Protein chains: 2
Amino acid sequence: MIRPGSTLGILGGGQLGRMIAMAAAQLGLKTHIYAPEENSPAFDVATEVTVAPYEDEASLVRFAKAVDVVTYEFENVPSETAATLSAHALLAPNAQALAVAQDRFLEKSFIAGLGIDVAPFEVFADEAELGEVLERIGRPAVLKTRRFGYDGKGQAMLRPGTDAAAAWVELGRAPAIVEGFVPFEREVSVVAARTASGAFAAYDLCANEHRHHILDLTRVPAGVSRETEEQAVRIARAIAEALDYVGVLAVEMFLVSDGGRERLVVNEIAPRVHNSGHWTLGGAVTSQFEQHVRAVCGWPLGSAARLGRVEMRNLIGHDVDAWEEILAEPGAHLHLYGKAEARAGRKMGHVTRVFPERD
Amino acid sequence: MIRPGSTLGILGGGQLGRMIAMAAAQLGLKTHIYAPEENSPAFDVATEVTVAPYEDEASLVRFAKAVDVVTYEFENVPSETAATLSAHALLAPNAQALAVAQDRFLEKSFIAGLGIDVAPFEVFADEAELGEVLERIGRPAVLKTRRFGYDGKGQAMLRPGTDAAAAWVELGRAPAIVEGFVPFEREVSVVAARTASGAFAAYDLCANEHRHHILDLTRVPAGVSRETEEQAVRIARAIAEALDYVGVLAVEMFLVSDGGRERLVVNEIAPRVHNSGHWTLGGAVTSQFEQHVRAVCGWPLGSAARLGRVEMRNLIGHDVDAWEEILAEPGAHLHLYGKAEARAGRKMGHVTRVFPERD
């Protein structure tokens, strides 16, 4: 059993690792961050750090042996890395969750296999098959690489008239799928946690707005019907159970209006703490970061209750220049990630605002 | 001006330094902890650490030059240390606040000089003077060393029949004062913050219960009249202004019932974040740690509003063995300080419980 005083290993040194490390420290854990980049944001708050590539087996083994449990902040952990870590330490979430989440085809097949709605999707091997698949699915559609897509990267819209083959060349002819475009009303997500013993706790559904394909604003409550809210949580739970998932996960969904009736279509799974759960830090009794630490340590989950109506806005690039105005705003919770340079598109921090609940 | 990305230096590596460092990291600051003990609790969450004695001038100068502003977590910073740091860096709170707070005679004289009630007190030079002073003040009285007293250490009750000279020998014949005993109803404290530009914010008055002279339980609200609450805040503000204070300070007071009327008698000042302010972490919009960081950096203060009725209990020694039960309690916020050994009397952590406000 993991006890306070044990060491939590975290793969990845970005803001998610940083916020997990702070939650771990609050609960009396030591932390050890493994990341390839010098001066990673999470290093500022870690007990120990290892700077080494994710492919460096000797360093991975040393790291795994030095910690009591390993978790990660990003889903593109190479499968060999996960296997090496699993051989020498407890890895949570497990390697299967990683394998499913990092390949869009596996991910969508897995979700559809649970009887959960996803957009129609198909793989293809070459230009000829791409054409056939696209004909079956119909335009508009979205071409998505199977791996390494995030924040709109690795995607292309296939509208009427778009040269699909050329779009695929743009994506490096990487293994990809064609997905039917979902005309959604709103993007929502469920952030939830599950422990090895099957305990499960979901935060309230949140509504997400993107700017240039990057999350801009999360609002909770999401403003959907109670039935939809309950269905979203059932979906997240079914996914977590089917993966024997341990830790926090996020399930991104499209809210579709089907002749006036709300319907949920799952878009993707993030096997980790998630940007759309940042509102829980200050906006819920237990933050997603603390919840993740509790789950991976095998500890009781905390209350996921909301403290009010919450809005979380990302500070992207030079948005962060407003830090002083935000500090002057009563009740705004500012979180900065300690990144030196405010490059365009770079997540520099976020601000959470909690308002009394409207009745 | 201090900006995010700057480095906050913290003198002292205990749990207060640890919680200040985490608040600083949340606001995008780097931290550098200076402490004499290897493996200090605050090191786990610091960007940089220096392990050196507080008397090591060369190390102090290097530390001061490596950071943008220096603060501290304990009031017994030697005055030479404060002077060395002040010569090379911004020190907040200032050296005067330290000088006043670390000598009970100076402290009480200063407070009385502001027209604020304190217990009657007098210094003495030898046994003969001790006898005369005690006669003037009357028994019961409290013999207190001028310096280095905390958690009941450096004190002796002088009841009718107590051999005062022997009690002084027990305290090593250290410079001391005799204080009249205050028959208080309750111990209360104000935790407040002031910035260099004079902005001031106080948290609600809290009531403190001690066990074996160590803080056990803090409750907010304190259950006093509105007039008393306002007076307590006026007192804290007057003290902060007279010291040109920058940062969070705590003012401990006795609540006395004077023929049914509430009266406040100041006991002591802590020129730092304070155990009786731990409830603000999770129990107020802005924690005392974040507030302290904002103040010493010259940033706007955050809202000190309370999130409900709050109770904070210290986990002393083996109290911490209940960590798992506490984690299982919905809505309890557990904070552990990462100390290896649960020795008797050692502050291992605390738990904060926030309840809906009673009307």
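In chain B, strand 2 (residues 30-35) and strand 3 run parallel and pair over 4 bridges. Within this pairing, B:Ala35 sits opposite B:Val51 of strand 3. The model is a predicted one. The two strands belong to an open sheet of 5 strands in chain B, ordered 3-2-1-4-5 with parallel pairing. Strand 3 (48-51) and strand 5 (90-91) form the edges of this sheet, each pairing on one side only.

Strand 7 (residues 141-145) is mostly covered, with 5 of its 5 residues buried. In a regular strand, side chains alternate between the two faces of the sheet. Both faces of strand 7 of chain B are covered. B:Ala141, B:Leu143 and B:Thr145 are buried on one side. B:Val142 and B:Lys144 are buried on the other. Strand 7 also has two antiparallel partners in chain B. With strand 8 (residues 155-158), the pairing is antiparallel and covers 4 bridges. Here B:Ala141 stands opposite B:Leu158. With strand 9 (residues 176-180), strand 7 of chain B is joined by 5 bridges, again antiparallel. In that pairing B:Val142 faces B:Glu179 of strand 9.

The two chains were then compared.

The contact draws 33 residues from chain B and 33 residues from chain A. The copies meet through the same surface, because 100% of the interface residues of chain B are also interface residues in chain A. The size of an interface is often given as the accessible area lost when the parts come together. For chain B and chain A this area is about 3,000 Å², of which 57% is on carbon and sulfur atoms. On the chain B side, B:Asp44, B:Trp323 and B:Leu327 lose the most area to chain A. Together they account for 21% of what that side buries. The interface of chain B and chain A also holds 2 salt bridges. The side chains of A:Lys30 and B:Asp44 meet in a salt bridge, at 3.1 Å from N to O.

Aromatic pairs were examined next. A pair of aromatic rings is described by the distance of the centres and the angle of the planes. Over all chains, the count comes to 16 aromatic pairs. One of them, A:Phe184 with A:Phe254, is stacked, at 4.8 Å centre to centre and 10° between the planes. A:Phe184 lies in the loop between strand 9 (176-180) and strand 10 (186-194) of chain A, and A:Phe254 in strand 14 (residues 247-258) of chain A. The pair therefore ties together parts that are 70 residues apart in sequence. A:Phe184 has 33% relative accessibility and counts as partly exposed. A:Phe254 is buried, at a relative accessible area of 9%.

An edge-to-face pair is formed by B:Tyr203 and B:Trp279, at 5.9 Å centre to centre and 80° between the planes. This pair links distant parts of the chain, 76 residues apart. B:Tyr203 is in the loop between strand 11 (200-202) and strand 12 (206-211) of chain B. B:Trp279 is in the loop between strand 15 (261-270) and helix 9 (280-283) of chain B. Both B:Tyr203 and B:Trp279 are buried. In chain A, ring pairs also link A:Tyr34, A:Tyr54, A:Phe63 and A:Phe74 into a cluster.

Finally, a glycine in chain A was considered. A:Gly317 is found in the loop between strand 16 (309-316) and helix 11 (323-328) of chain A. A:Gly317 counts as buried, at 2% relative accessibility. Leaving aside residues up to four places away in sequence, A:Gly317 touches A:Ala342, A:Arg343, A:Gly345, A:Arg346 and A:Met348. A:Lys347 is 30 residues from A:Gly317 in sequence, yet the two are 6.4 Å apart in space, C-alpha to C-alpha.

Methods: Residues numbered from 1 in each chain as written. Chains lettered and ligands numbered in written order. Heavy atoms only, no water. Pairing = 2+ DSSP bridges. Phe/Tyr/Trp six-rings, centres within 6.5 Å; stacked < 30°, edge-to-face > 60°. Buried < 20%, exposed > 50% of the residue type's maximum accessible area, 1.4 Å probe, protein only. Contact = heavy atoms within 4.5 Å. Buried area = accessible area lost by both parts, 1.4 Å probe. Salt bridge = Lys/Arg side-chain N within 4 Å of Asp/Glu carboxyl O.
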